[in-house]
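I am opening my notebook to look through a protein model.

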Amino acid sequence: MLDLSPDAPLVDLRSRVREAFREARGPDAVRGRDGGRPHMSLGYSWDTASSDNLQSALRRITPSHAPFHVDRVQLLDVQFRERARHPEAAAWEISWQPVATIPLGCST
């Protein structure tokens, strides 16, 4: 996982986008939790896996910070489905379908 810092501008953007969709489409237009701290996931695992090699490689990157610019917001329809992994456990399957892309900023 890659974290964003400072994350206040992206948290504010996310809140504004969610509120705009609620205002335009009603209170049920955006469901679920707020998404937690802004981050970028490089991958997901169905089972136990080690991320040691990837984390070590990421720590060697210099500089360790990079600028991040948001010029559009993509609205996704995200679905979580519980799937049996084996008799004692279940896992979640996550899928998402793009619904719309909204450009931000001024056109020149």
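**Entry 1: ground rules.** I noted that Arg16 is exposed, because its relative accessibility is 58% and exposed means over 50%, buried under 20% and partly exposed in between (1.4 Å probe, protein chains only). This is a predicted model, where local features need pLDDT of at least 70 and side-chain atom pairs count only at pLDDT 80 or more, while totals for chains, interfaces and linings use all residues. Residues are numbered from 1 along each chain as its sequence is written, and side-chain values use heavy atoms, with hydrogens and water left out.

**Entry 2: salt bridges.** How many salt bridges are there? I found three, taking a salt bridge as a side-chain nitrogen of Lys or Arg within 4 Å of a carboxyl oxygen of Asp or Glu.

I began with Arg16, which pairs with Asp12; their closest N and O atoms are 2.8 Å apart. Both residues sit in helix α1 (residues 8-25), four residues apart, about one turn of the helix. For the names of elements, helices (H or I, at least four residues) and strands (E, at least two) are DSSP runs, numbered from the N terminus. Asp12 is partly exposed, because its relative accessibility is 38%.

Next I looked up Arg72, whose salt bridge to Asp71 has its closest N and O atoms 3.2 Å apart. Asp71, at 35% relative accessibility, is partly exposed.

Then came Glu93 and Arg83, whose side chains meet at 3.2 Å, N to O. This pair links distant parts of the chain: Glu93 is in strand β4 (residues 89-103) and Arg83 in strand β3 (residues 72-86), 10 residues apart. Glu93 counts as partly exposed at 31% relative accessibility, and so does Arg83 at 36%.

**Entry 3: the surface.** Which residues form a nonpolar patch? I listed Tyr44, Leu76, Val78, Phe80, Trp92, Ile94 and Trp96, with about 770 Å² of accessible area together. Patch residues have over 30% relative accessible area and no salt bridge, and nonpolar side chains (Val, Leu, Ile, Met, Phe, Trp, Tyr) are joined within 5 Å, like charges within 9 Å. Areas come from the Shrake-Rupley method with a 1.4 Å probe; for residues, only the protein chains shown count as cover. Strands β3 and β4 are the elements that give two or more residues to the patch. I picked out Phe80, in strand β3, which is exposed at 54% relative accessibility.
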